[in-house]
Amino acid sequence: MLHYIKCVMLYAVMKKVEEYALTIETNSPEETFEAGKKLAERISPGQIITLDGDLGVGKTVFTKGFAEGLGIKEPVTSPTFTIVQEYTDGKMPLYHFDAYRVSDPDEMFEIGFEDYLYGSGVCIIEWAALIEELLPKDMIRISINKDNGKGFDYRKIEIQGIDGETAV
Ligand code: ADP
Ligand code: MG
């Protein structure tokens, strides 16, 4: 009986994850930019978005679109060396992180990571997998992947933690 209940619960959890996921396929940087821009329409302050995928898959391109969707006019540049860049000229503050060069979690605490996470802006974090242990559970997780068989500019963008019905 207990086993049965566990199975039902597991099924419910899986179903929920499925409902809150969506996949977008793009074939140009412009399309990935548009996907980012669209996501911005449905984001609220305090939300945290993670972006994972190899170097050059389009995490920064996606973020640029996302920033434009928030009405940010300042040019968005990769925060690789500074870890975080703040943009405050949009409809809510955007905190853009790049964890690529973070070798010690202390570096994140030194820049006040927790204040950003629980602040009134939206956080978007490139290479989030590298700082996984510092992140909360409730996030929108995005992974971008190439598929060599589908052409040089093909990207598969998988978004979890968002309602697929009203999707991008
Ligand atoms: P990352 O931040 O993941 O390291 P970037 O966004 O800086 O990657 O760079 C992505 C590169 O891939 C850019 O040079 C962009 O022009 C190119 N590109 C080609 N096709 C796509 C696509 N479908 N989506 C996003 N970028 C693409
Ligand atoms: Mg980048």
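## Stop 1: Tyr87 and its strand

Select Tyr87, which is found in strand E3; helices (H or I, at least four residues) and strands (E, at least two) are DSSP runs, numbered from the N terminus. This is a predicted model, in which local features need pLDDT of at least 70, side-chain atom pairs count only at pLDDT 80 or more, and totals for chains, interfaces and linings use all residues. Residues are numbered from 1 along each chain as its sequence is written, while chains are lettered from A and ligands numbered from 1 in the order in which they are written.

Is Tyr87 buried or partly exposed? Tyr87 is partly exposed, because 19 other C-beta atoms lie within 10 Å. The scale is this: a residue is buried if 20 or more other C-beta atoms lie within 10 Å of its own, exposed if 12 or fewer, and partly exposed in between, with C-beta atoms placed from the backbone.

Now show the contacts of Tyr87 (two residues are in contact if their C-beta atoms, placed from the backbone, lie within 7 Å). Leaving aside neighbours within four places in sequence, the partners of Tyr87 are Ala67, Ile72, Glu74, Val76, Pro93, Leu94 and His96. Val76 is 11 residues from Tyr87 along the chain, and the two C-alpha atoms are separated by 8.2 Å.

## Stop 2

E3 and E4 form a hairpin with 6 residues between them, and they pair in the antiparallel sense over 4 bridges. Two strands pair if DSSP finds at least two bridges between them. Across this pair, Glu86 stands opposite Tyr95 in E4.

Next, colour the strands. In what order do the 7 strands of the open sheet lie? The order is E1-E7-E6-E2-E5-E4-E3, with mixed pairing. Strand E1 (21–26) and E3 stand at the edges with a single partner strand each, so one side of each has no neighbour in the sheet. On average, neighbouring strands are turned by 15° against each other, direction ignored. Axes are lines fitted to C-alpha atoms, for helices over the stretch in contact, and angles run from 0 to 180 degrees between N-to-C directions.

Move to E6 and E7, which pair in the antiparallel sense over 5 bridges. Here Ile144 stands opposite Ile157 in E7. Helix H2 packs on the sheet, touching E1 and E7, and its direction makes about 150° with that of E1.

## Stop 3: helix H3

Select helix H3 (59–69). H3 lies across E2, E3, E4, E5 and E6 and runs at about 165° to E5. Of its 11 residues, 10 are buried, among them Lys59, Phe62 and Phe66. The buried residues of H3 pack against H2, E2, E3, E4, E5 and E6. Just after H3, Gly71 takes a positive phi of about 85°.

## Stop 4: the nonpolar core

The next selection is the largest nonpolar core, which has 28 residues. Such a core is a set of buried Ala, Val, Leu, Ile, Met, Phe, Trp, Tyr and Cys residues joined through C-beta atoms within 7 Å. The members that touch the most others are Ile49, Leu51, Phe66, Leu94, Cys123, Ile124 and Ile125. Centre on Ile49: not counting residues up to four places away in sequence, Ile49 touches Val122, Cys123, Ile124, Ile125, Met139, Ile140 and Ile142.

## Stop 5: two positive phi values

Ile83 is in the loop between H3 and strand E3 (84–87). Its phi is near 70°, a positive value in a residue other than glycine. Ile83 is buried, because 20 other C-beta atoms lie within 10 Å.

Trp127, in the loop between E5 and E6, has a positive phi of about 60° although it is not a glycine. Trp127 counts as partly exposed, because it has 19 C-beta neighbours inside 10 Å.

## Stop 6: ligand 1

Finally, select ligand 1 and the 17 residues that surround it. A residue is near a molecule or strand if its C-beta atom, placed from the backbone, lies within 6 Å of it. Which residues are the closest to ligand 1? They are Thr32, Gly58, Lys59, Thr60 and Asp153. H2 (29–41) and H3 each supply at least two residues of the shell.
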